[in-house]
Amino acid sequence: MFGERSGEHRSLALRSNLPLLAAVTFFFFLFVVPLSQIIAGASIAELLEVIMDVRIQRIVTNTFIQAALSSIISLLLATPVAYLFAKYTFPGATLVRALFLVPFFTPAFAFAEALFILFDPQGVINRFLMHLFSLQTAPISILYSMNAVVLAHVFYYTPLATILLEGGFSALDQNLIDASHICGASDLKTFRRIVAHQLAPALAAALALVFVFSFLTFSTPLLVGGNFYTTEVEIYYYWSKLGGWTKARTLSLLQLAFNMVFVTLVFWGRERVFRTKTAGETTQLRKERFSLGLLNSRSGIILILSLVIVLLEVLPVYAIIVSSFGGESLDLIPRTLTLSNFRELFQYDFGGGISFLNSMTLSVLIATFVSLVTVFAALITAYGLVHSSDRGRSALGAITSMPLAVSSTAMALALYASYGVPPFSLYGRWELIALAHMLYTFPLTTRIIESALVKVNPDLVDASLTLGASRIYTFFAVEVPIIGKNLFAASLVAFSSSLSEFTFSYIFSVAGIQTMPVLVTRLLDRTIPLLGVASAGTSIILALIFLAVTASAVLAKKGLGLTL
Amino acid sequence: MPLTTRQKILIIGSLVAIAMVLIPVCLWQQATVKPQLVIYGPRGISDLGYAAAQSFSKKYGINATFVHFGMGSIEIVQKAIEESKDPKADVILAIPEFYATPIIEKGVLEKYAPSNIREISETKIWDRTGHVTPLDEAPIIIIYNSTMLEKLKLPAPETLDDLTRPEYKGLVVYNSPVTSGTGLSVLTWVLTEKGENEGFDYLLRLKANIAPVGYPSGFSSLITVLRTGRAAIVVSFNSHVVDPQTPHMKTKGTTGFMYREGMALVKGAKNAEAAKKFIEFMTSKEGQDLVDPNNYMYPIRDDAVVTNLKNAPRPLKTVTYNWALGGRADVWREKWRTQIAGA
Amino acid sequence: MKVEAIDLSKRFDKFLAVNNANLSIESSKVLSVLGPSGCGKTTLLKLIAGLVPPDKGSVKFDGVDVTRTPPQKRGIGFVFQSLTLFPNLTVEGNVAFPLDARGWSYESIKTRVRELLGLVRLEGLEKRYPRELSGGQQQRVAIARALAAETQLLLLDEPLASLDATLRGDLLAEIKNLQRNLGITTIYVTHDQSEAFAISDKIAVMFEGKIEALGETFEIYMNPPTERVARFVGATNVLTGRVEKLESGAVILKLGKNSISIATKLALSIGQKVKILVRPEGLLIEESASDLTFEGAIENVLFRGDRVQLHVRTEFGLLESLVRDPSRYSELLGRRGRPVLLRMDPKFVIVLPEKDT
């Protein structure tokens, strides 16, 4: 877009490669070392046995189908909403966007509960439909099946896909769209022949991400899938079996390989096929002010559809909140509201002298620390990535995305084996949880920052150098401020992910180190679960995330800047 | 005074660096002191585990830590077996009776009986090898939703065999033994009463009556199923009857299975003395008083308090685990997974 | 500061962008690098700036080899074609940037910025952001910024390309004035020959990575070394002829039935076929015949505002003539289709050997 990428003709001097070296070292210790624990434990013979196992084949196929459906449907729903956000400005747009993103950070068990409230035969949606159409039986019976898992994923990942696609829509070249209309092409033709091509990188990235997340899904199938087993569930089962660890490791490796192939293909395809070279300056998508008059035109259908999707998306969160205020959880509009659940939550003794307030402080501090370190590390990594060759970038991009592609349980046990035991002995300390969270948030954060950094006009970097600034000064004085919005977005993603992360926190929890999601789960794991109090806990987690998202958007002054 | 760009960069950088240093400092005191007693137990008894560790620490000034690794009771036992060459735990809590054999046979445990073992009724001491001290117990019974059955004009079931009656089609539920300790206890009950082969045959027949929801993976999802009326009959712990979240749950209470769990000293434990003290503490009234309030199970001491389960129904007749079956819970889980769940 | 580029070469993958380029420019002078798009002139500029490391060759400032010196230490100012003001900084912030980077104090920065903005006539716009400025204003800020830290060498890469015609003229004059007043050595890259001529003392003409011509502006225009250079720096009629006679410092060329004497330093031989390049302004309309006139017929008459352009069909093909008096338009229009007499002014005729195209 602006000429040569500034990486293409940089020298191979050690100094200019220092950031990449630092990033690689960080990544090596964070991920490769624990990964070697998994690889070392696997065996080729077992790998063949696993691949030939009909049951495993069936499970992997099912997982693949579910992930494919989840990602495609998420993308289909995300597209009109992303268009709405990108094209139109309206009062409260930032808040709506922030609200829309919250479901993505909702812990899985809380989400499953919310889905029951909505889609149960006695749930809100069925009762509404039965009342509307005077039906005798519930029309929607989706829970405890693969469809339920897909549904949960669609709810979960549509917001993420939307925000990513919004970035893609905003970057559309308005000149090309206008030129197409002037040539007489209809909206549909313009979309098919001009827009789709430009949108393809964002679509590909969103598809890859949702697919990988859905493929790795764990809690969701356990909670709503009934007899539908996924690879991750299978892996977990083998971890819990005596002598099953080798098989668990082998399966994790298979899972990793599968995800890596998929992600690499998508990113490679994105770089090769959809690298857009434009001849001159481009213009961004023209924004319009939203007005009710728009609802009459054809784009009005898209708008109404988008608004419906947004409302539906927010419903589970709403259901959780209603439940936390003591409302009869199956009512959308509660008759009574009480703070008793919150009171009980803060008074509850979780044993070991831990209160919810302690946990909140711990979680927020860990999340803040993780956010700062991860964003810094991701910034350095992104810098190194941006200044590699195109081919290097897609390979390195895929590698730094690898932590996303590995089973969390496998990774947790591997981290424990690497750093939990002597000589590091981090087990029982918050540092181990922080480390795990960094691993968990690093890929997405790097992706967000790298995508923003690569769009910075390389002439600006050159200009800065010619003006006497050193490379480091240029980076912090020119490039970093330009991508400031995206940095906030990245730190918010890291913060929220850490705050709501469950698997690692659970496995590494000890008396004094229990994050909020762990405490909420403990309320559910009791012989008599405290559902209302657990909802209160979840509401607080979501409220904190909402605050973080809003703060990030306000600090960034405009939009959320989440691009891939 | 306005700032130059250079100054702004330095200030922001400094703030970030300060934060990165301050936070670990704030969190420093959260780090656990090197524990003087490590207690392994399943996540399901976290409340009891943490409470017991804290009470014990306070009483004896020994820093005790309860850890669960997010694992269930079977996994914790297996972890202990895996670590047997270099044990990390001193005490293992909540060893299920039906899974004690492997851990005893593998020589992971040290024979130990606390000095106050005589204060426990003889019938409650289920490990005759002298390794595992009983901790608590709770009955698995057949519970039904009285309102639902009334509406369907169906009689209440009393025995396991009743559950296979055709009129209960689509009404029965129990936890998956693969993912839930409760489910595994149900499976164990069936196999104890009927023997392994006939037991699995029975479960296959019962499959026809299982509710469309299938086999819930965890206890809280089971509660949700019962709460929302997705099933009318459940084979599970008696706590459902007194759980305010699952009203209308009753039981004929004719038969049941007593799930029992215990605690044991790990062979080669690094803090053996403290471990012994802990087992003794948990056998005492003070320790046993923690059981019902924190774990919703019955203490094995007759003089310990029972508040939560005070009004819970106890079955007239219960079977306990048949030790002749050995410690094949692993095999049963796999068998159930392939033959019954058919996944 | 004197600037020299010696045997500079740069290859990108299979593409040789700059091929053994040699040039030098004296202190306080302006050199233009002129050439079509893609000829390597921007790469050459970046090689001199140190933004791109050369594969071969060296760059010297005042005789000192700076090839290995990073760009931030070369004391240069660079103005880019695309408007590269830092979008997150105000006008003031942009101009202050190089001073900030060098750690100047707040007060000195403020004084210098005021001075520079006065120089480019942008006082009062300190607090504006780049997006709030016009293209011309943005480039003025870019120039001020490039000059901020007592620059020794100013490099401009087609700075007027993104501006409209009227602005271009004004800004070009301003750049020329600035350069003259500050006495900064300047290298100006452009594909527009009128810009190059207006601003430079010396011109280098580049094609396909090679410098094909280097010399004083007037010399390049009047005596281009090749036909390609001749065509690029100005409109040219190209005819073929033969050397009839040799004279001291000149040749007599046979052109149709005419003979014409042209001054040249080339070593030619009698009978050698030559290319004769005639500038349109050197092809004059005559009213009466002479030994030097030949016939043609006016095919087209175009009014160009400040001149009239004629296309005349002759025995040598379709030739272009330029009449500097715009008032003659109607008269010339009336003569369309009718025969006309033409004469070549030797001052505007360039002779080149036939193979040298």
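**View 1. Helices α7(B) and α13(B) make a right-handed crossing.** The model shown here and in the other views is predicted. Helix α7 covers residues 196–206 of chain B, and helix α13 covers residues 329–340 of chain B. Their axes come within 11 Å and cross at roughly 40°, which makes α7(B) oblique to α13(B). On the α7(B) side, the contact is made by B:Phe200, B:Leu203 and B:Leu204. On the α13(B) side, B:Lys335, B:Gln339 and B:Ile340 take part. Sorted by class, the residues of this contact are four nonpolar, one polar and one charged.

**View 2. Chain B touches chain A through 52 residues of chain B and 42 residues of chain A.** Several elements of chain B each supply at least two residues of the side that touches chain A: α1 (5–28), α2 (46–60), β2 (64–67), α3 (73–82) and α8 (219–227). The largest share of this side of chain B, nine residues, comes from α1(B). By class, the residues of the side of chain B that touches chain A divide into 26 nonpolar, 21 polar and five charged.

**View 3. Helix α19 of chain A, residues 458–466, is largely enclosed by the rest of the structure, because nine of its nine residues are buried.** The buried residues are A:Pro458, A:Asp459, A:Leu460, A:Val461, A:Asp462, A:Ala463, A:Ser464, A:Leu465 and A:Thr466. Part of what covers them comes from chain A itself, including α20 (471–482). Chain C also contributes to the cover, with α1 (41–49) and β6 (76–79). Just after α19(A), the backbone at A:Gly468 takes a positive phi of about 100°.

**View 4. Six strands of chain C form an open sheet with mixed pairing.** The order of the strands is β6-β7-β8-β3-β9-β10. Strands β6 and β10 (210–216) of chain C are the edge strands, and each pairs on one side only. From one strand to the next, the twist averages 15°. Strand β6(C) is also among the elements that cover the buried residues of α19(A) in the previous view.

**View 5. Edge strand β6(C) pairs with strand β7(C) in the parallel sense.** Strand β7 runs over residues 153–157 of chain C, and the pairing with β6(C) extends over four bridges. Within this pair, C:Phe78 stands opposite C:Leu155 of β7(C). Strands of a sheet pair through backbone hydrogen bonds, either parallel or antiparallel.

Note on methods
Residues numbered from 1 in each chain as written. Chains lettered and ligands numbered in written order. Predicted model: local features only at pLDDT ≥ 70, side-chain atom pairs only at ≥ 80, totals over all residues. Contact = placed C-beta atoms within 7 Å. Nonpolar A, V, L, I, M, F, W, Y, C, P; charged D, E, K, R; others polar. Buried ≥ 20, exposed ≤ 12 C-beta atoms within 10 Å, placed from the backbone. Pairing = 2+ DSSP bridges. Axes fitted to C-alpha atoms, helices over the stretch in contact; angles between N-to-C directions. Parallel < 35°, antiparallel > 145°, perpendicular 65-115°, else oblique. Left-handed = near helix turned anticlockwise from the far one by under 90°.
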